[in-house]
Amino acid sequence: MNEIQLGLDTFGDVTIDDAGNRLTDAETIRNVVAQAALADEVGLSFFGVGEHHRPEFAISSPEIVLAAAASVTKSIRLGTAVTVLSSDDPVRVYERFATLDAVSNGRAEVILGRGSFIESFPLFGYDLRDYEVLFEEKLDLFSQLMTEQPVTWQGTTRASLTDADVFPKTANGLKAWIGVGGSPESVVRAARYGYGLMLAIIGGPAHRFRPFVDLYHRSLDSFGRETLPVGIHSPGHIADTDQQAWDEAYAGFEAMNNTIGRERGWPPYNRLRFQHDIGPEGSIYAGSPETVARKIADTVRTLGAERFDLKFSTGTLSHDKLMRSIELYGTKVTPLVREMLA
């Protein structure tokens, strides 16, 4: 196995200040850029920004935030978590990421997905009944655009193209992944198009995703493709001690789960559920650096992953606590994980 890469993801959760006041969206976005700068400073591999169109999250245009992050970072790779390709235009997605790749000197990545939220579909005039065909057709077009050669394409979800050339060109091509939450079809699709597999593990134990990893590798073989990376996206929070991390993180997890749960019919979140989620059978990586490192190492070993991205912002957890979490992740967790895996 190559040396594990440890990254961070954020949705730009709108946070509160020390006095409990809600920050503006603008303040939250500027804080995200500062978080990216610190992630680069402490040597992390990746900084991902999610796309959402709802009040809990400040970022609806990740590429602009990532371009700002590119200006204050030097080495860290920059990408999305995820880009909702179904409700976007593949040509514009390619153009924006090729531009980000230029301003970041080749550090851009795109993680494509259908998204677990549906607000973008009515916002941009798409019918949810076309959920599957939108992603399949647009992924097909995007994959052709990734060749950076003139494209001729025809489908049902957008205007056809004839010998269309798209700019700017990249220096060394774009790196792309497909984000998968629980669909075997999406796993096979990632292999078919030759994209990395990014598993969003946001509930339950990591080992239940092992069949997806095995399916991915079998599918790569059947399509005659070389081995491609598997990554993991899961939520968490790091503080100096387990109890401190749990106490800091709980309110944000409770608020976010209850907000989404009211829309999706989930039961109210509680401490007992949180204690399960931070345990070995749960998907939250919260605790001291030692506790989080041990759980990450176990997950990476179980799934044979090459990258682990910690979704470090959840709910209203304040900027200063997020910055401390990033600092500990880079300076303490990363070397511990690598030592454990070695």
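P168 is found in the loop between strands β7 (161-164) and β8 (175-180), helices (H or I, at least four residues) and strands (E, at least two) being DSSP runs numbered from the N terminus. The peptide bond that leads from F167 to P168 is cis, with omega near 5°. The structure is a predicted model, in which local features need pLDDT of at least 70 and side-chain atom pairs count only at pLDDT 80 or more, whereas totals for chains, interfaces and linings use all residues. Residues are numbered from 1 along each chain as its sequence is written, and side-chain values use heavy atoms, with hydrogens and water left out.

A cis peptide bond is also present from A81 to V82, with omega near 5°. V82 is placed in the loop between β3 and β4 (83-84). Most residues other than glycine have a negative phi, and most peptide bonds are trans. Phi of E148, a residue other than glycine, is positive, near 60°. E148 belongs to the loop between α5 (131-145) and β6 (151-153). With a relative accessible area of 16%, E148 is buried; buried means under 20% relative accessible area, exposed over 50%, and partly exposed in between (1.4 Å probe, protein chains only). D163 likewise has a positive phi, near 50°, but lies in strand β7. At 53% relative accessibility, D163 counts as exposed.

Helix α2 (residues 62-70) packs with helix α3 (residues 90-103): their axes come within 9 Å and cross at roughly 10°. Axes are lines fitted to C-alpha atoms, for helices over the stretch in contact, and angles run from 0 to 180 degrees between N-to-C directions. The crossing angle makes α2 roughly parallel to α3, where angles under 35 degrees count as roughly parallel, over 145 as roughly antiparallel, 65 to 115 as roughly perpendicular and the rest as oblique. E63, L66, A67 and A70 of α2 meet R96, F97, L100 and V103 of α3, contact meaning heavy atoms within 4.5 Å. The residues of this contact comprise six nonpolar, no polar and two charged. In this grouping Ala, Val, Leu, Ile, Met, Phe, Trp, Tyr, Cys and Pro count as nonpolar, Asp, Glu, Lys and Arg as charged, and the others, Gly among them, as polar.

Strand β3 contains G79, which counts as buried at 0% relative accessibility. The C-alpha atoms of G79 and G48 are separated by 4.7 Å, although the two residues are 31 residues apart along the chain. When residues up to four places away in sequence are not counted, G79 touches F46, F47, G48, V49, L66 and E109. K74 lies in the loop between α2 and β3 (77-80) and, at 75% relative accessibility, counts as exposed. Apart from neighbours within four places in sequence, K74 is in contact with D40 and R107. The C-alpha atoms of K74 and R107 are 9.1 Å apart, with a sequence separation of 33 residues.

Rings of Phe, Tyr and Trp (its six-membered ring) pair if their centres lie within 6.5 Å; planes under 30 degrees apart count as stacked, over 60 as edge-to-face and the rest as tilted. The count by this rule is 10 aromatic pairs. In one of the pairs, the ring centres of F209 and F212 are 5.8 Å apart and the planes stand at 85°, so the arrangement is edge-to-face. F209 and F212 are both buried. Y250 and F274 also form an edge-to-face pair, at 5.3 Å centre to centre and 75° between the planes. This pair links distant parts of the chain, with Y250 in helix α8 (residues 242-264) and F274 in helix α9 (residues 271-277), 24 residues apart. Y250 and F274 are both buried. Y250, F253, Y269 and F274 are linked into a cluster by ring pairs.

The ring of Y250 also lies under the charged end of R271, 4.2 Å from the ring centre. A charge sits over a ring if NZ of Lys or CZ of Arg is within 6 Å of the ring centre and within 35 degrees of the ring normal. The charged end of K295 is placed over the ring of Y285 in this way, 4.9 Å from its centre. K295 is also one of the contacts of D277, along with Y269, G282, S283 and I284, leaving aside neighbours within four places in sequence. D277 is in helix α9 and is buried, with a relative accessible area of 8%.
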